[in-house]
Amino acid sequence: MEAEKKAISLLSKLRNEMQTDKPIIPLVEKFADTDIWNQYLEYQQSLLNESDGKPRWFYSPWLFVECYMYRRIHEAVIQSPPIDDFDVFRESKEQNFFESQESIIALCTHLQELMKTIEDLDENQLKHEFFKLLQISLWGNKCDLSLTGGENSSQKTNIMNYLEDLKPFILVNDMEHLWSLLSNCKKTREKESITRVDIVLDNSGFELITDLILADFLLFSNLATEIHFYGKTIPWFVSDTTIHDFNWLIDEVKHSNHKWVSKCGADWENYVKTGRWVYHDHIFWTLPHEFCAMSQVAPDLYAELQKAHLILFKGDLNYRKLTGDRKWEFTVPFHQALTGFHPAPLCSIRTLKAEIQVGLQPGQGEQLAASEPNWLTTGKYGIFQFDGPL
Ligand SMILES: O=P(O)(O)OC[C@@]1(O)O[C@H](CO)[C@@H](O)[C@@H]1O
Ligand SMILES: [Mn+2]
């Protein structure tokens, strides 16, 4: 109880600092990323003129301040042993998973049926199935909890029935590039060599299920031979996946009462055990830096990503970090907005929840804005945006 009281008082202090637009203060406890955070705060300070004072909640860049808020929430917890490994968002992440059961059953059943017939599919049918699972993973990104402030955002209906209706809402659709890349790898692959797809995960719960379904398909269709996942080391943006969420979800799926769901869980556990699925942790993903800084700030992570044949970046926050969350014109090419971040061919799979979008056709953004003022932030629209040699 003493620890809870301490954490709550630290969180109240944080809330007060936010509400009254206090200066952003350095982190105090010594953790693996503390120095990097405090250096980044100094860097933000250095961008200001003398007369501007200190970086503050209402005036500093949103990407920085928002990341900082989640880091401070974590600080309140780690300063309060013995509850220092408590995940304040755990309950809502688990609830999102349990409330999506119907959709999860439908997806796992679909996957298992596909697995049985995969040998009989021709190229075109295989591509069609690949596109379906990509779109499921895209719309799975609607289900994050940060947009709803932790309120219910589960997937209650069977998403597969809506894919055709949702197609017009895909504003940039580079799925064909992903197919060419992976089907070429498959065709030209030597016997013992590998095709590695890396997935930078976003939300746990229903979205993670859609990502694992896609990852499973990539393996049994031989489009890839190895999948590497990246999650967060601390609770982040409410619903983001940590190693605990990843293991918990696979275990839940494995222990489901439903035959095909539990089969998926058993397969997934096996992929992890045999190293065909590899999960990576890195503090970089919970720093405020944009990805173009990765090769400087986290060269080891950049080198790891360079080993991939394709990297899929799930979600809105990853898109903001890919593009530096800048006020780009809508028509600026994605390649340019990446400002030098090209570890390997990559694709953002994201529903739009933040006021940034690049690589649109001339007039496309303006047209959308005229008919729907909130088009950038509701999660209604989505993209598959690819960058890499064609
Ligand atoms: O990365 P996700 O899970 O798709 O979305 C996260 C996100 O939409 O939540 C915040 C809303 O406050 C945004 O800043 C952020 O981009
Ligand atoms: Mn998220």
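Analyst: A crossing of two helices is called left-handed if the near helix is turned anticlockwise from the far one by less than a right angle, and right-handed if it is turned clockwise. The model is predicted. In it, the crossing of α6 and α9 is left-handed. The contact between them draws on L126, E129, F130, L133, L134, I136, S137 and G140 from α6, and on F206, E207, T210, D211, I213, L214, F217 and L218 from α9. Helix α6 covers residues 123-140, and its axis lies 8 Å from that of α9, at an angle of about 160 degrees. Angles over 145 degrees count as roughly antiparallel, and α6 is therefore roughly antiparallel to α9.

The axes of α2 and α3 come within 12 Å and cross at roughly 150 degrees. That angle makes α2 roughly antiparallel to α3. Helix α2 passes α3 in a left-handed crossing. On the α2 side the contact is made by T34, W37, Y40, L41 and Q44, and on the α3 side by F64, C67, Y68 and R71.

Most residues other than glycine have a negative phi, and most peptide bonds are trans. D21 sits in the loop between α1 (2-19) and α2 (34-46). D21 is not a glycine, yet has a positive phi of about 50 degrees. With a relative accessibility of 11%, D21 counts as buried. The peptide bond from P81 to P82 is cis, and its omega is near 10 degrees. Another positive phi, near 55 degrees, belongs to D325, again a residue other than glycine. The loop that holds D325 runs between α14 (316-322) and α15 (334-337). D325 has 23% relative accessibility and so counts as partly exposed.

The manganese ion (ligand 2) has D202 (OD), N203 (OD1) and D240 (OD) as its protein donors, at 2.1 to 2.2 Å. Their spacing in sequence is D-N-x36-D. N203 is in the loop between β2 (196-200) and α9 (206-220), while D240 is in the loop between β3 (226-231) and α10 (243-254); the two are 37 residues apart, and the pair links distant parts of the chain. N203 and D240 are both buried.

The cysteines remain. A disulfide here requires two cysteine sulfur atoms within 2.5 Å, and by this rule the count comes to zero. The sulfur of C108 has its closest cysteine sulfur in C264, at 3.7 Å, which is too far for a bond. C108 is buried, with a relative accessible area of 0%. C292 is in no disulfide either: its nearest cysteine sulfur is 14 Å away and belongs to C67, a residue of α3 in the contact with α2. With a relative accessible area of 26%, C292 is partly exposed.

Notes: Residues are numbered from 1 along each chain as its sequence is written. Chains are lettered from A and ligands numbered from 1 in the order in which they are written. This is a predicted model: local features need pLDDT of at least 70, side-chain atom pairs count only at pLDDT 80 or more; totals for chains, interfaces and linings use all residues. Side-chain values use heavy atoms; hydrogens and water are left out. Donors are N, O and S atoms within 2.8 Å of the metal (3.2 Å for Na, K and Ca); water is not among the atoms, so sites may look incomplete. Helices (H or I, at least four residues) and strands (E, at least two) are DSSP runs, numbered from the N terminus. Buried means under 20% relative accessible area, exposed over 50%, partly exposed in between (1.4 Å probe, protein chains only). Axes are lines fitted to C-alpha atoms, for helices over the stretch in contact, and angles run from 0 to 180 degrees between N-to-C directions. Angles under 35 degrees count as roughly parallel, over 145 as roughly antiparallel, 65 to 115 as roughly perpendicular and the rest as oblique. Contact means heavy atoms within 4.5 Å.
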